[in-house]
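Welcome, and please have your viewer ready. We will go from one selection to the next and say what is there at each stop.

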Amino acid sequence: PGEVEIETIEIVVYPDRRRVFLHLAVTPFTERPNLLLAVRDASGLLAAELSVIETMHHDMEFTLHLRKPGDTAGDYTLSAELFYETRNPPQARAESRFTVPEAPEQP
């Protein structure tokens, strides 16, 4: 368990601008880790959160729903924490920034 790390974070914003596709990969493991994924907007408010308990897969895909009311355009940060028995401190931590674009103008 001490060697498991977060390898890849890929984020794609869906066209509806309310959902985010997330591809996350960690190094192969024998003991199943936990993950906590959190998306925060530019002001630090929580926009989405996902807990994964003892995942069986090292290569995962998720869809996160942005809970921010109204327009979701703006900058966000996804933080991923990998841990086993305790989160303080996490065994591995990674961050990735992404932007939800402005809505296209209607004709």
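Before the first stop, keep in mind that this is a predicted model. Start by selecting arginine 87: with a relative accessible area of 36%, this residue is partly exposed. Now show its partner, glutamate 81, whose side chain meets that of arginine 87 in a salt bridge (2.6 Å, N to O).

Is glutamate 81 buried or exposed? Its relative accessibility is 11%, and because buried means under 20%, glutamate 81 counts as buried.

Glutamate 81 belongs to strand β6 and arginine 93 to strand β7, so the pair ties together parts that are 12 residues apart in sequence. Arginine 93 is partly exposed, at a relative accessible area of 47%.

From arginine 93, step to glutamate 95. A salt bridge joins them too, and here the closest N and O atoms are 3.3 Å apart. Glutamate 95 is partly exposed, with a relative accessible area of 43%. To see the whole group, select Glu81, Arg87, Arg93, Glu95 and Arg97, which are linked in a network of salt bridges. The structure holds 7 salt bridges.

Next, switch to a cartoon view and look at the strands. Which order do the strands follow in the open sheet of 4 strands? The order is β4-β3-β6-β7, with antiparallel pairing. β4 (46-52) and β7 (92-100) stand at the edges with a single partner strand each, so one side of each has no neighbour in the sheet. On average, neighbouring strands of this sheet are turned by 15° against each other, direction ignored.

Zoom in on β3 (residues 34-41) and β6 (residues 74-83): these antiparallel strands are joined by 8 bridges. Select arginine 40 and look across to β6, where threonine 77 stands opposite.

For the last stop, show the nonpolar side chains. The largest nonpolar core has 27 residues, and those with the most contacts inside it are Ile6, Ile9, Leu24, Val39, Leu66, Leu78 and Leu82. At least two residues of this core come from each of β1 (6-13), β2 (19-26), β3, β4, β5 (59-65), β6 and β7.

Leaving aside residues up to four places away in sequence, leucine 78 touches several residues, among them Ile9, Leu22, Val39, Leu64 and Phe98. Glu95, from the salt-bridge network, is also one of the residues that leucine 78 touches.

How values were computed
Residues numbered from 1 in each chain as written. Predicted model: local features only at pLDDT ≥ 70, side-chain atom pairs only at ≥ 80, totals over all residues. Heavy atoms only, no water. Pairing = 2+ DSSP bridges. Axes fitted to C-alpha atoms, helices over the stretch in contact; angles between N-to-C directions. Core = buried A, V, L, I, M, F, W, Y, C linked by side-chain atoms within 4.5 Å. Buried < 20%, exposed > 50% of the residue type's maximum accessible area, 1.4 Å probe, protein only. Contact = heavy atoms within 4.5 Å. Salt bridge = Lys/Arg side-chain N within 4 Å of Asp/Glu carboxyl O.
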